[in-house]
Amino acid sequence: MAILPIRTVPDPVLRQKAKRVKTIDGSIQKLIENMLETLHAAPWRAGLAAPQVGTSLRVIVIDIPEAKDIVLINPEIVKRSGERSLTEGCLSVPGYYGEIKRAEQVTVKGRDVRGKEIRIKGDELLAQALEHEIDHLNGVLYIDHLESQDKLYKTEDETTQP
Ligand code: NI
């Protein structure tokens, strides 16, 4: 296992549409192990998408108190409901956070590390993390959802996030 460097803006890999994983083989399992280790070592955490470690494949990991070490391969949002304003940051946009709108609840389907189809229904922080990480797979960053640039703020300390 290894802690991988996290790509930050304006790295072009963050703007690519990631490719679907066709076969969950050893290289994908290794990528997932490394992504989890990298996420656990991050100064603050919610989730990580493969493009953030330089691999343009549709893989995300999430680690929050209510959802530990969730792995999703080829995740897709199948249902979105509600809308709310919240603050958000991203390891690939260090030193900033912003105010955006996200769904209140999302349902996502994808495959786990063994290839089994799974469905996750999330609200609150889990819904936010799922939308945020799946956005990364489409080359989208939370800063794209800002209503205006004055909704983007500098953090005083880069190791903390809202
Ligand atoms: Ni992010």
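Close-up of one residue

Tutor: Apart from neighbours within four places in sequence, Leu 146 is in contact with Gly 98, Glu 99, Ile 100, Lys 151 and Leu 152. Contact means heavy atoms within 4.5 Å. The model is predicted, so local features need pLDDT of at least 70 and side-chain atom pairs count only at pLDDT 80 or more, while totals for chains, interfaces and linings use all residues. Residues are numbered from 1 along each chain as its sequence is written, and side-chain values use heavy atoms, with hydrogens and water left out.

Leu 146 sits in the loop between α2 and β8. Helices (H or I, at least four residues) and strands (E, at least two) are DSSP runs numbered from the N terminus. The leucine is buried, at 12% relative accessible area. Buried means under 20%, exposed over 50%, partly exposed in between (1.4 Å probe, protein chains only). Leu 146 and Glu 99 are 47 residues apart along the chain, yet their C-alpha atoms are separated by 6.6 Å.

Two of the contacts of Leu 146, Gly 98 and Leu 152, are bridge partners, with Leu 152 in β8. Their strands, β5 and β8, pair in the antiparallel sense over 3 bridges. Two strands pair if DSSP finds at least two bridges between them. Strands of a sheet pair through backbone hydrogen bonds, either parallel or antiparallel.

This pair belongs to an open sheet of 3 strands, in the order β4-β5-β8, paired antiparallel. Its edges are β4 and β8 (152-154), each pairing on one side only. Neighbouring strands here are turned by 25 degrees against each other on average, direction ignored.

Now the helix before the loop. α2 lies across β4 and β5 and runs at about 70 degrees to β4. Such angles run from 0 to 180 degrees between N-to-C directions, with axes fitted to C-alpha atoms, for helices over the stretch in contact. α2 is mostly covered, with 12 of its 14 residues buried. Among the buried residues are Leu 126, Leu 130, Ile 134 and Leu 137. The list also includes Gln 128, Glu 131, Glu 133 and Asp 135. After the helix comes Gly 139, with a positive phi near 75 degrees.

The nickel ion has three named protein donors: Cys 90 (SG), His 132 (NE2) and His 136 (NE2), lying 2.0 to 2.2 Å from it. Donors are N, O and S atoms within 2.8 Å of the metal (3.2 Å for Na, K and Ca); water is not among the atoms, so sites may look incomplete. Along the chain the donors follow the spacing C-x41-H-x3-H. Cys 90 is in the loop between β4 (84-88) and β5 (96-102), and His 132 is in helix α2 (residues 124-137), so this pair ties together parts 42 residues apart in sequence. Cys 90 is buried, at 2% relative accessible area. His 132 is buried too, at 7%. His 136 is also among the buried residues of α2.

β3 pairs with strand β6 (residues 105-111) in the antiparallel sense, over 6 bridges. Ser 81 has Gln 105 of β6 as its bridge partner. β6 in turn pairs antiparallel with strand β7 (residues 117-123), over 7 bridges. Arg 111 stands opposite Glu 117 in β7. β6 and β7 make a hairpin with 5 residues between them, and Gly 115 in the turn has a positive phi of about 90 degrees.

That leaves α1. Its buried residues are Ile 28, Leu 31, Ile 32, Asn 34, Met 35, Leu 36, Thr 38 and Leu 39. They pack against β1 (47-49), β2 (59-64) and β3 (67-81).

Finally, the whole chain. It holds 2 helices and 8 strands. Read along the sequence, the pattern is α-β-β-β-β-β-β-β-α-β. The C-alpha trace spans about 45 × 35 × 30 Å along its principal axes. Of the 162 residues, 46% count as buried. Among contacts with a separation of 6 or more, residues 24 or more positions apart account for 67%. Leu 146 and Glu 99, at 47 residues apart, show such a separation in sequence.
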